[in-house]
Amino acid sequence: MDVNIIRHFNPKIRSILSAIGAENCSRIQEIRLRLNKPLSVTLNDAIKIADKNGQLVSCSDNCCIVTEQDINDSFNSICQYSVHSFQKEITGGFVTVQGGHRAGICGTAVVRNGQLETIKHISSINFRIARQIFGAADEIMNRVFSAGAEGLLIAGPPSSGKTTVLRDLCRQLGKKYKLSLIDERGEIAAVYNGVSQNDVGIYTDVFDGYCKADGIEAAVRVMSPNIIVCDEIGSESDVSAIKRAMNCGVKIIATVHAGNLEELKCRRHIMRLVENGAFKNIAILSGAGKRIQTVRTDEFDKADRSITDNDNSGHNRLLYVGRS
Amino acid sequence: MITAGITGCYMSAGLRKRLMLLKAVNAMLEEISILIRYKAATVFEITEAIGKDNRFSELGFISGIKDTCTEPSAFSLRWEEAVMSYNFGSIKPQDLLFISSIGQNLGSSDIEGQLSTLALKKEELKALLAEAESDCKNKSKLYSSLGILTGAFITVLLV
């Protein structure tokens, strides 16, 4: 198991995880500590309990029960024994550790003036194991960027692979263009101590933790990017910042939550950007990234009919509607 | 006579060394406050920065506190172990306890809490510093003089 994950567990948990076979280790997606409950892992989307011998089973009398000390040891290690350095991450619900892995934290909220200030009595820690998928954006690269840099909006429901595709887009485009990546939640580059844990391209400047509006303004002002990349746009301030960047000639690549074109059209702020020409292309992901549909925004009306026809085909394929 | 004189001077130097040590601790508390306030530095970034800074050469124990890939153990324990195993030379028990206590709360609260705790530590240190300065001023020359006089007296007796 990756040393960057295992170092955040105390010897008791570590010995169990170390006993898990190599084949299973490579398929582990998550490791969860829940107070007074069995240590569990997610393996190929299936939840398994780790018993004291490192066997992954559905239920067991010999399972390892996670204690408060186990959780505290892991929490302290994740925060490098420096809670003050990770205040923002703790209130955001996760800390990125070396290797790009993310430790999600939940517990009892401490609220002051209506805002979440910190978390106490941590009851669960979820280690999500990061695995960058090289080639996730190949189809989009071929369809959208073969003739040069263009604006692109990637839409999809949760867990459809938007961030995975965006990360690979950064990696590929970041070999040819000056990219500014506004990584507000630290999910794309997974910066740890100033170093990107994921490959996001050699010409990519990462604005880690910046809110999108501030990051976009700063990027345009000081980094002279060809392309700005950001994840999950939606607010009025995001839209205003993107408009200003667009007016400076910068191409924008962004993601947005929307299950299909109809849902996307209900997002008025986003549609204003589309109408103003910020995004020449829209890619819609569905089914954990297995189906990608791209649409040129000047072919919106035709796109509705064509996508409806192809939704019933049942094939995993890329549909390109409009001018090629 | 020479031996007694040297002993007197050694005790006098011990007082000065204690004062320098406590001044270095004071400067260290200030530096830690700055690192936390402006960089939200982690405890290991703090120990690394201070360990490399020549201003804190008297506090060599800090270089031994590193973030290693071994089992998790509380930072406060690592700090205490490093302090207790380091040879400070002339140091009073209360000074050792004070330096050891600095690591107790480092990293255990938010930035405001950390800065408040450090401010409290600086206040506590003031009393130790005042005592050290007073000792240095009043006793330093006394020890040197006593050492020489004692040596002379013993010499006269023997002769």
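The model is predicted, so local features need pLDDT of at least 70, side-chain atom pairs count only at pLDDT 80 or more, and totals for chains, interfaces and linings use all residues. Residues are numbered from 1 along each chain as its sequence is written, chains are lettered from A and ligands numbered from 1 in the order in which they are written, and side-chain values use heavy atoms, leaving out hydrogens and water.

**Sheet of chain A**

Helices (H or I, at least four residues) and strands (E, at least two) are DSSP runs, numbered from the N terminus. Two strands pair if DSSP finds at least two bridges between them. In chain A, seven strands form an open sheet with antiparallel pairing, in the order β4-β3-β2-β1-β7-β6-β5. The edges are β4 (56-57) and β5 (94-96) of chain A; each has a single partner strand, so one side of each is left without a neighbour in the sheet.

| Strand pair | Bridges | One bridge partner pair |
|---|---|---|
| β2(A) and β3(A) | four bridges | A:Val41 and A:Lys48 |
| β3(A) and β4(A) | two bridges | A:Ile49 and A:Val57 |
| β5(A) and β6(A) | three bridges | A:Val95 and A:Ala103 |

The hairpin of β2(A) and β3(A) has two residues between the strands, and A:Asn44 in the turn has a positive phi of about 50 degrees. Five residues separate the strands in the hairpin of β3(A) and β4(A), where A:Gly54 takes a positive phi near 85 degrees.

**A loop residue**

A:Gln132 is in the loop between β7 and α6 (138-144) of chain A. Not counting residues up to four places away in sequence, A:Gln132 touches A:Arg167, A:Arg171, A:Asn198 and A:Asp199, where contact means heavy atoms within 4.5 Å. A polar atom of the A:Gln132 side chain lies 2.8 Å from the backbone oxygen of A:Asp199.

**Interface with chain B**

Chain A gives 16 residues to the contact and chain B gives 24 residues. The two chains bury about 1,500 Å² between them, 54% of it on carbon and sulfur atoms; buried area is the accessible area (1.4 Å probe) that two parts lose on being put together, summed over both. A:Arg7, A:Tyr81 and A:His84 supply 48% of the area that chain A buries against chain B, more than any other three residues. Zero salt bridges are found across this interface, a salt bridge being a side-chain nitrogen of Lys or Arg within 4 Å of a carboxyl oxygen of Asp or Glu.

Definitions and conventions
A polar contact is a pair of N or O atoms within 3.5 Å; within protein, one must be able to donate a hydrogen and the other to accept it, and residues adjacent in sequence count only if both atoms are side-chain atoms.
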